[in-house]
Amino acid sequence: MLQQFLQDFGYFALFLGTFFEGETILVLAGFLAFREYMDIKLVVLVAFCGSYAGDQLWYFMGRRHGRKILARKPRWQAMGDRALEHIRRHPDIWVLSFRFVYGLRTVMPVAIGLSGYPPRRYLLLNGIGAAVWALALGLAAYHFGAILEGMLGSIKKYELWVLGGLLLLGVLLWLRRRFRTIRAERRAAADEQPGKAEQPVAPEKQPEHGHDHR
């Protein structure tokens, strides 16, 4: 039943997951490939396509609306400014490697587009980076299953625990990121309030006293 479900929807879910973020779902897919529920070659290929397509989209959005996108969230704004500094120093290195830096997957392509990085060069180097990322992470998760099997014996009776642990890890990482974003937004709102409170208040106009007419 699980195998049929994964054959029907697993690769589509993997594409969507890697399109938007991707680390946890790729690790999970690599482990499932070890358990022969999925094909490791297709896992790597689909992860590459999802990651490549997602980052190309964010890049072109960054070229057109980069500042507006980063200004939506205080944390994105701060990370985007830091990313722009990195890109100006070593642009090609960051295009190739930003997927391996936790938390920069969405912001970095926007910053790269905003920096004016050449589209054709990004098309090529982003493809190389996506291929290396999909191969490295997918195969690492695949062989991670083999290591577990060697440590635990028959992994069949433990695989649900492993799957649950990977899913829990993904949820915890998402919650951590979400709470950090909420805290940053609250701090930004708190910083704005004193500024508003210190604005001078316009004096009220006193009523003019006319002359008494008798």
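A word on the source. This is a predicted model, where local features need pLDDT of at least 70, side-chain atom pairs count only at pLDDT 80 or more, and totals for chains, interfaces and linings use all residues. Residues are numbered from 1 along each chain as its sequence is written, and side-chain values use heavy atoms, with hydrogens and water left out.

Start with Ser-51. Ser-51 sits in helix α3, residues 40–70. Helices here are DSSP runs of H or I, at least four residues, numbered from the N terminus. Is Ser-51 buried or exposed? Buried, at a relative accessible area of 0%. Buried means under 20%, exposed over 50%, partly exposed in between, with a 1.4 Å probe and protein chains only. The Ser-51 side chain makes a polar contact with the side chain of Arg-99, at 2.7 Å. That term means a pair of N or O atoms within 3.5 Å, one able to donate a hydrogen and the other to accept it; residues adjacent in sequence count only if both atoms are side-chain atoms.

Next, helix α6, residues 107–114. Seven of its eight residues are buried. Among them are Val-107, Met-108 and Pro-109. Just after α6, Gly-116 takes a positive phi of about 90°.

Last, the surface. Which helix gives the largest share of the nonpolar patch? Helix α7, residues 119–152, with three residues. Val-132 lies in α7. Val-132 is partly exposed, with a relative accessible area of 45%.

Technical notes
Helix = DSSP H or I, 4+ residues; strand = E, 2+ residues; numbered from the N terminus.
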